[in-house]
Amino acid sequence: MIRVRFAPSPTGYLHVGGLRTALFNWYFAKKNNGKFILRIEDTDTERSKKEYEDMILEEMKWAGLDYDEGPDKVGEYGPYRQTERYEIYKKYILKLLEEKKAYYAVYDENQENIIYKSYEYPEKYKDKSITVNFKVPKNQKIKFTDMIKGELEFDSNIFDDFVILRSNGVPVYQFTVVIDDYLMKITHVIRGEDHISNTPKQIMLYNALGVKSPEFGHLSLILGEDKTPLSKRHGGTAVTYFRKEGYLPHALMNYLSVLGWNAENQIYSFKEKIEDFNINDVSPRSAVFDYKKLLWIDEEHLRNEEDEKLYQFFMNWCNYNDIEIKADEKLVIKTISISKSKVSTLKQLFQFIENYFRDNFEYEEIYIKKFVEKEWFKSLMQKSIEIIKKAEDFSVDGAGKTLQKIAEEKITGKKNTFQSIRGALLGKLVTPGLYETIAILGKEEVIKRLERALNIK
């Protein structure tokens, strides 16, 4: 059975490039009826934090990447945190020492130069810094067929012996990843191309242990517009950033699947693309992260989403950002329905409709200057209240007819009339449709807001 893994380190926020790596592993597992494993590589004990691990687990679920085994999912090859596997690693380190494929290295006081090597633990130097180093075999050609990059070859002579167990007793990444992938029966390792230089070292470790290495595939890095690796100087890069900005999870995953695999600007549910996925179709060339294209994809998903589903995404976004919406569900859904075609993200949607749910909003300065300060404004508000109080039909069509009656009073021009009422109801001049707004707010709330506008100072 095909088994792949995504193995992030909880030393910071999950990078969007990491999420794409997880996505391609997920695709590969699902396409081949395999298993997708989430493993936490937390041997960097100084920088690893539980809060980052929790965030990774939560954001994988937010993105819709369901894993079969992981720290919070029982599996037969656990535990799935490296810090819980030290006893397992110890056994294999002793094996390499016994077979003289690794040795104890004693360092000088500056911890720069090795002053003593031994296959037995050097008791007489126990007060010094002691590591276990892997003995790199000489004059070997390390060859492997990368699923994305093709045939790759390295000469073992370019590598020095390297540490596999630190002086503090914590094993290093190069070693733990090999043991974990072997014991967890990982068949394919799909990861970023920044790991290519690690692969020959790991293959040498597999060979030393006498076990078969998995197949490797290295994804090209995601770049910024200046063709350097995507980083904060280009814009937001953490999954947390895209969540806070209000991108839909499936829109973000749609875009990430386009980066390096599907070059067409298609709008689709990424989960419907499983059968189309072929690791051989993944481009070996780097992809440029285009924030404008992502925004367009999110906009398309947002507009095509059913109102009720979009409501759930919207409320989840509000909860994530500690925003409280005190309004009836039906009211929120109605405002979403008339507004989703005019915005690109959930954050923009909130900014567009937030004044529907509160009556203590501030009025835009441009509204006050262009309309409220005009000599005709109070007369217009008073007449509007008078006519609306008599109105009975508060459907969209009925609202249109009522507004037409107000305009026919010719207190000011029609455009001024409509914009004055728009600003009185929502505090700004760019809003969802005015007829629809009146229909949604209803007679009592509309009158209340017009009366409030009479008292603007």
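Which residue forms a salt bridge with aspartate 66? In this predicted model, the partner of aspartate 66 is lysine 30, and the closest N and O atoms of the two lie 3.0 Å apart. A search of the whole structure finds 28 salt bridges, and the points below describe some of them, together with the exposure of the residues involved.

**Aspartate 66 and lysine 30**
- This salt bridge between aspartate 66 and lysine 30 links distant parts of the chain, since aspartate 66 lies in the loop between helix 2 (50-63) and helix 3 (86-98), while lysine 30 belongs to helix 1 (residues 16-31), 36 residues apart.
- Aspartate 66 is partly exposed, with a relative accessible area of 35%, and lysine 30 likewise counts as partly exposed, at 26% relative accessibility.

**Lysine 143 and glutamate 153**
- Lysine 143 pairs with glutamate 153 in a salt bridge whose closest N and O atoms are 3.8 Å apart.
- The two partners are 10 residues apart and link distant parts of the chain, with lysine 143 in strand 6 (residues 141-146) and glutamate 153 in strand 7 (residues 150-155).
- Lysine 143 is exposed, its relative accessible area being 56%, whereas glutamate 153 is partly exposed at 45%.

**Aspartate 226 and arginine 233**
- The side chains of aspartate 226 and arginine 233 form a salt bridge, with an N to O distance of 3.8 Å.
- Aspartate 226 has a relative accessible area of 42% and is therefore partly exposed, while arginine 233, at 58%, counts as exposed.

**A linked network**
- Salt bridges also join Arg5, Arg39, Glu41, Arg85, Asp180 and Asp181 into a network.

Note on methods: Residues numbered from 1 in each chain as written. Predicted model: local features only at pLDDT ≥ 70, side-chain atom pairs only at ≥ 80, totals over all residues. Heavy atoms only, no water. Salt bridge = Lys/Arg side-chain N within 4 Å of Asp/Glu carboxyl O. Helix = DSSP H or I, 4+ residues; strand = E, 2+ residues; numbered from the N terminus. Buried < 20%, exposed > 50% of the residue type's maximum accessible area, 1.4 Å probe, protein only.
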